[in-house]
Structure formats: structure tokens, C-alpha cells
Amino acid sequence: MTVVDSRSPEPGQSRNGGSAVEEVDWDAAERSAVARGPLVAAGVDGPSAPIGSTMSRVESAVDDLGAGRGPSWLDAWLDENAHRVVAWRRHIHAYPELSRAEHETTAFLAERLTRAGLRPRILPVGTGLVCDIGGESRPGQRTVALRADIDALPLTEAIGLPYASTVDGVAHACGHDAHTTVVLGAALALAVAPNLPGRVRVIFQPAEEVMPGGALDVLAAGALDGVDRIFGLHCDPRLLVGQVGTRVGAITSASDLLELRLTSPGGHTSRPHLTADLVHALGTVITGLPTLLSRRVDPRTGTVLTWGAVHAGEAPNAIPQDGVLTGTLRTGDRDTWAKLEPLVHELVHSLLAPLGVGFDLQHRRGVPPVVNEAESTEVFRAGIAAGLGEDALASTPQSSGGEDFGWYLEHVPGSFARLGVHSGVGRVKDLHQPTFALDERALFVGIRAMVNTALTSLER
């Protein structure tokens, strides 16, 4: 294995600066990933075509829904490498890694890119990488970035497939294995493109699943320096495979964490008048704060506070001395997000002041909304149509979920889209659930969308 990082840009050096790097037989890993199960033509519930344990060409692999739409070099690359694309995804899926611990995933990606003659640079934080394709001798050329997130969730998988997670309590239940495979495939396909009209920078970002997100690590490393536009995709089980959902404006919401700790002298439940009733105070905030927010914030912003956990006391006849309440606060409006922290503190103080309890409110700012720029979204739509046809274009509503891609869009224009992954067979298996699964045809849909979007952006 050869790893190239930001401190030692020459092949053959390890992250620690030495020349000896642990050898990993990634070809064997790919063969093993494919051997774990048949290539699936229509998701885990659909028809399949069994294959052997070798990496030889598979004629009846996962369908490429955009086959023949070109460009010709992309058709040829996908025709030759379709089985590898599926194997990469299955390998990454079987060996998930949590946020900021994505060392083997980073090494796997670096090896694939280096073999193609590219020079990946591992981020200073030790996981994640960036890599440029084309344009080395063209000063002043345009640069477009394609981003994937590479981390997994602390969740136990329950899909029952041969290539399911091999790591206890860790799973790619949000589709980051697919995002990573799509951008890897796009990068390697673009590496064989003749006369690439500019530079494409691929970003494999760590730690999307933790706040405030690994996007800040990417920005701190200067990985967006010189980038004119950036594009990203996220799996969406609500869309059928073959569709890509786009939207101008906000497509996700800001997401903050609230932790409220209350204190009281405590006492006997028969004499609440002699102390501060902490459980009653918690209940007052649980019901009162969402109500007050709904009257202080424009409802069109989609601002919502939802409590996720409350803990206080043990005995039924004792008023506890401390308790904690945690939840998430989300909004779809960037300006509202900037005003929420002081407003929440004001409202909590007004609710608790008459009750005599002490409180400490930790308002942990998370990620801003992802607000898609109009021109970049039009570029994305044009790229999707070029690679997959007009029928692939779909609209998508704003989600109340958080996504740290929003940090990038505060620095450069860009757009974020939804990649359909539902086979149309059986019930929808949602994100962040142990049963989440995807139709592997979406991998090729994503590669075609990203490659054609990059080309469209560079040519405009």
C-alpha cells in the first residue's frame, strides 16, 4: 500500500513520515467483498446474478441505468469497472469506521487513487483526503469539487446480508459507503478522461456524523482554496433508484444540541413548598419552551425543538437535587439560526425564574442549513440530465435533518442533491435505521451524475 499525505506528498511514505507502510492486499479485499454475496440488480429484495470469488469481468452485474449516454470514455470505464465499483462499496460497508477513526477507509481510498496515477493528500487530522484530477499545467483554470463523507454510525446493523458490517455496533446505515464509492468511481473515471477542461478536486471528508462536522477540518486544511463550485450527493430512500432530487435554496436545516441541567436543594415530596420542585421545573421547560418558541419565531422558518431524553431522581417520594434535559433544535433559516441561542436562553430563564431552581444551559451550535445556490443547482440539473436523461430529474423537499455540507456553501457556491436508492420493491428502509439498505444500481447513477456535473461546471 502507498499512502500520500499533505506532509509527505511523494508516493512511498507513510503518514508518520517513514518509508515502511503496512502492506494491505486490497485486491484480495475486493475479491472477498464480491464473494460475500451476489451482485444485486434491484436492491436486496430484487433479482440477483451470482458471481464467483474472482475479480474477472461479470456480464450480468448490477444494471447501469445510464448506459450508452456517454461520454464514450465514461461508458467504457463503467463497462470495464462495474464489478469493482460494487466490490468497493461492499468492502467499505463490511468494514465501517466511526467519525475521526476512518483510517482503513482512508488508506483504501488512497491506494485506489494512487494506483491510477493520482496524488491524494491525507488531511492533517489523519483521516479523510483530497485529490486533484487534471489541470496541472493550466494556471487559472476552473476547479470544481466533488465531496463524499466516509464515516459510519454507532449503530448495530440488521440487514442480514453476507457483506453486512463486521464491526460490532458500527454500520453504514446512512449511505456514506455509497457516497464514498460514487465519488471514488467518479474520480477514477475522470482520471481517464481525454482533455479534461479544468481541474476536479475530490474530497473524502471524515466525521460528518458528529457536530459541528468534519467539513470544518477540510476547510481548515485549505482544501477549498481555489475551488469555484462544490457538489455533493446524499442517499434518499424516498426516491426511486434512477432519480436524483434537486432543490434551489435550503435543502437541509440547521441542527443544534441543547443540554439543560437543573439543580435544587431536594426534599421530601410531601413538602414541595419547602424546596424547589426540580421535576416540576423540568416538565415546565419540556412543554413550555417549544410553545414559547412557536410564538417568538416565524413559523415559515421550520423551527422545531424536540426533546430526546430527560433524567432526574430515583425514588418516588424524593424531590431530586439534579436533573438533565437534552434535545435538538432545528431551523431551515440561516438568519433565524444565528438568533436562536440568545432567544432560547432568555425563554428558559423566564420559565424557571419563578420556580427557584438553578440551571445551566449548554447550547451547542451544530451545522448551518445547506442552502443550494441557484446557478450551481442548474449546473447540477444539467449534468444529471446529460448523464441520465431528463426523466432522472426530481424535486425534493427541504429536510429538517442536519448536514455539514452547509459549511462549504458558506465559502463557495455549490449544490447538494438527493440520490434515489429505493428499488421500488417492498417498504422503504429509512436512513439511520438498522434495516437501511440500498439498491446498488444507484452507485452508477451517482457516478454518472457527478462526472457529468463536473464536466458541465468546467465547460460553462
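Is Arg-441 buried or exposed, and what is its relative accessible area? I began my notebook with this residue, keeping in mind that the model is predicted.

**Entry 1: Arg-441 and its partner**

I found that Arg-441 is buried, because its relative accessible area is 13% and the cut-off for buried is under 20%. I then looked up its salt bridge, which Arg-441 forms with Asp-439. The closest N and O atoms of this pair are 2.7 Å apart. Asp-439 also counts as buried, at 1% relative accessibility. I noted next that salt bridges with shared partners join Arg-89, Arg-90, Asp-177 and Glu-440 into one network.

**Entry 2: Other salt bridges**

I recorded 21 salt bridges in the structure. One of them links Asp-132 with Arg-199, with 3.8 Å between the closest N and O atoms. Asp-132 belongs to strand S4 (residues 129–133) and Arg-199 to strand S6 (residues 199–205), so the pair ties together parts that are 67 residues apart in sequence.

I then turned to Arg-334, which forms a salt bridge with Glu-410. Here the closest N and O atoms are 2.5 Å apart. Arg-334 lies in helix H7, while Glu-410 lies in the loop between helix H9 (405–409) and strand S18 (414–422), so this pair ties together parts that are 76 residues apart in sequence. Arg-334 is partly exposed, with a relative accessible area of 30%. Glu-410 counts as partly exposed as well, at 39% relative accessibility.

**Entry 3: Helix H7**

Since Arg-334 lies in helix H7, I looked up that helix next. H7 has 19 residues, and I noted a reach of 28 Å from its first C-alpha to its last. This is close to the 27 Å expected at 1.5 Å a residue. Where does H7 bend? I located a bend of about 45 degrees at Leu-340, with a proline, Pro-342, following within four residues.

I listed the buried residues of H7, among them Trp-337, Leu-340, Leu-343 and Val-344. The buried residues of this helix pack against S10, H6, S14, S15 and H9.

**Entry 4: The sheet of four strands**

I traced an open sheet of 4 strands in the order S12-S14-S10-S15, with antiparallel pairing. Its edge strands are S12 (304–312) and S15 (358–367), each of which pairs on one side only. On average, neighbouring strands of this sheet are turned by 15 degrees against each other, direction ignored. I counted 8 bridges between S12 and strand S14 (residues 322–331). Within this part of the sheet I found Leu-305 opposite Leu-329 in S14.

Two helices lie across these strands. Helix H6 (residues 278–296) lies across strand S10 (254–263), S12 and S14, and runs at about 175 degrees to S12. Helix H7 (residues 334–352) lies across S10, S14 and S15, and runs at about 165 degrees to S15.

**Entry 5: The sheet of eight strands**

I then followed an open sheet of 8 strands, ordered S3-S4-S6-S5-S7-S18-S8-S17, in which the pairing is mixed. Strand S3 (121–122) and strand S17 (393–395) are its edge strands, and each pairs on one side only. S3 pairs with S4 in the antiparallel sense over 2 bridges. I noted that Ile-122 stands opposite Leu-129 in S4.

Helix H3 (residues 103–115) packs on this sheet and touches S3, S4 and S6. The direction of H3 makes about 15 degrees with that of S4. Helix H8 (residues 374–388) also packs on the sheet, touching strand S7 (229–240), strand S8 (244–246), S17 and S18. The direction of H8 makes about 60 degrees with that of S7.

**Entry 6: Helix H2**

I tested the span of helix H2 (residues 72–94). Its 23 residues should span 33 Å at 1.5 Å a residue, and its end C-alpha atoms are 32 Å apart, which agrees. I also recorded that H2 bends by about 65 degrees at Asn-81. The helix is mostly covered, with 18 of its 23 residues buried.

**Entry 7: Leu-431**

Lastly, I located Leu-431 in the loop between S18 and helix H10 (442–459). Leu-431 is buried, with a relative accessible area of 19%. Which residues does Leu-431 touch, not counting those up to four places away in sequence? I found Ala-173, Cys-174, His-234, Cys-235, Pro-237 and Phe-436. The C-alpha atoms of Leu-431 and Cys-235 are separated by 8.4 Å, although these residues are 196 residues apart along the chain.

How values were computed. Residues numbered from 1 in each chain as written. Predicted model: local features only at pLDDT ≥ 70, side-chain atom pairs only at ≥ 80, totals over all residues. Heavy atoms only, no water. Expected span 1.5 Å × (residues − 1). Bend = angle between axes of the 7 residues up to and from the residue. Buried < 20%, exposed > 50% of the residue type's maximum accessible area, 1.4 Å probe, protein only. Pairing = 2+ DSSP bridges. Axes fitted to C-alpha atoms, helices over the stretch in contact; angles between N-to-C directions. Contact = heavy atoms within 4.5 Å. Salt bridge = Lys/Arg side-chain N within 4 Å of Asp/Glu carboxyl O.
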